[in-house]
Amino acid sequence: MELQLLPDERLDDLQLGHMKIIQKTKGFRFGMDAVLLSDFAAIKPYHTVADFGTGTCILPLLLLGREKGSRFYAIELQPQIADMAQRTVAMNQLEDKISVHAVSVEQCHQVIAPGSLDDIICNPPYGMPGTTLLNPMEERSVARHQTEEGLLGWFKQAHRLLKGKGRLFMIYPAPRMLEVMNLLTRAHLEPKRIRAIHPYAHKAANLVMIEAMKDARPMLTIDPPLIVYHPDGSMTDELKRIYGNE
């Protein structure tokens with residue numbers, strides 16, 4: 001299709017399966033956390049998946065590039081960002097695999113049948129009032145801030161839409177891991193596997209990836225830590241593997 005870019009948009013090459021992505025030149029853009037989460041998520045090639053808060057639609061694209069999932073519902077509250085994601089999908093000719101919906105996570109049962117999803121993936125907003133400074137740019141504020149009540153609502157909706165023993169994969173700040181795991185269990189999503197992300201081996205973890213299962217019994221597996229950089233700032237072999245730069 002003919003590429004349509006708005007004045008405040010740019011086109012980036014994902015260097016994965018010839019796919020490209022439209023992003024804002026000054027607004028929110030995807031980062032390393034999305035790449036790490038797409039590697040962590042144990043999603044089967046034939047699974048139906050929803051991405052809560054898809055933003056640029058980066059996670060469905062990365063997962064398809066890794067042959068994870070076959071059908072995606074990309075949920076995005078902000079209409080202008082959903083439109084950008086839809087144009088990315090069309091540009092990559094993936095309309096048969098990814099459908100973008102400009103609807104809130106709390107209302108996405110209107111487009112996704114309850115009990116129909118194998119997996120849900122989400123890179124939810126990290127900030128909470130009082131813990132981070134609100135960004136004056138509305139798009140970045142919506143993308144980066146979440147209340148505890150709002151996050152619990154996402155998890156309850158995930159429980160509603162997942163099949164029995166369906167899984168949710170997410171990434172979140174490590175210092176708030178206990179808080180988010182408590183919210184998951186309140187929504188009857190049992191944490192089953194975690195992997196901590198450390199910027200350097202001698203530094204504390206700053207992010208954690210969590211796999212939770214619907215209506216499962218408590219039992220937690222802790223994966224080996226993911227170290228991002230060597231002391232000299234170069235990428236570790238594990239990070240090179242994830243980025244496909246072995």
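Me: Which strand holds Arg195?
Reply: The model is predicted, local features need pLDDT of at least 70, side-chain atom pairs count only at pLDDT 80 or more, and totals for chains, interfaces and linings use all residues. Residues are numbered from 1 along each chain as its sequence is written, and side-chain values use heavy atoms, leaving out hydrogens and water. Helices (H or I, at least four residues) and strands (E, at least two) are DSSP runs, numbered from the N terminus. Arg195 belongs to residues 189-198, strand S8.

Me: Which side chain makes a polar contact with the side chain of Arg195?
Reply: A polar contact is a pair of N or O atoms within 3.5 Å; within protein, one must be able to donate a hydrogen and the other to accept it, and residues adjacent in sequence count only if both atoms are side-chain atoms. Contact alone means heavy atoms within 4.5 Å. Leaving aside neighbours within four places in sequence, Arg195 is in contact with residues including Phe40, Asp223 and Glu238. The polar partner, at 3.0 Å, is Glu238.

Me: How are S7 and S9 oriented, parallel or antiparallel?
Reply: Two strands pair if DSSP finds at least two bridges between them. Strand S7 (residues 162-173) is joined to strand S6 (residues 117-122) by five bridges, and those two run parallel. In S9, Met209 stands opposite Ile171. Seven bridges join S7 to S9 (residues 207-214), and this pair runs antiparallel.

Me: Which residue of S7 does Ile121 face?
Reply: S6 and S7 are joined by bridges. Opposite Ile121 stands Phe169.

Me: How far apart are the C-alpha atoms of Lys214 and Gly164?
Reply: Gly164 is among the residues in contact with Lys214. They are 50 residues apart along the chain, yet their C-alpha atoms are separated by 6.3 Å.

Me: How many of the eight residues of helix H2 are buried?
Reply: Helix H2 spans residues 58-65. The buried ones are Ile58, Leu59, Pro60, Leu61, Leu62, Leu63 and Leu64. H2 is largely enclosed by the rest of the structure because the buried count is seven.

Notes. Buried < 20%, exposed > 50% of the residue type's maximum accessible area, 1.4 Å probe, protein only.
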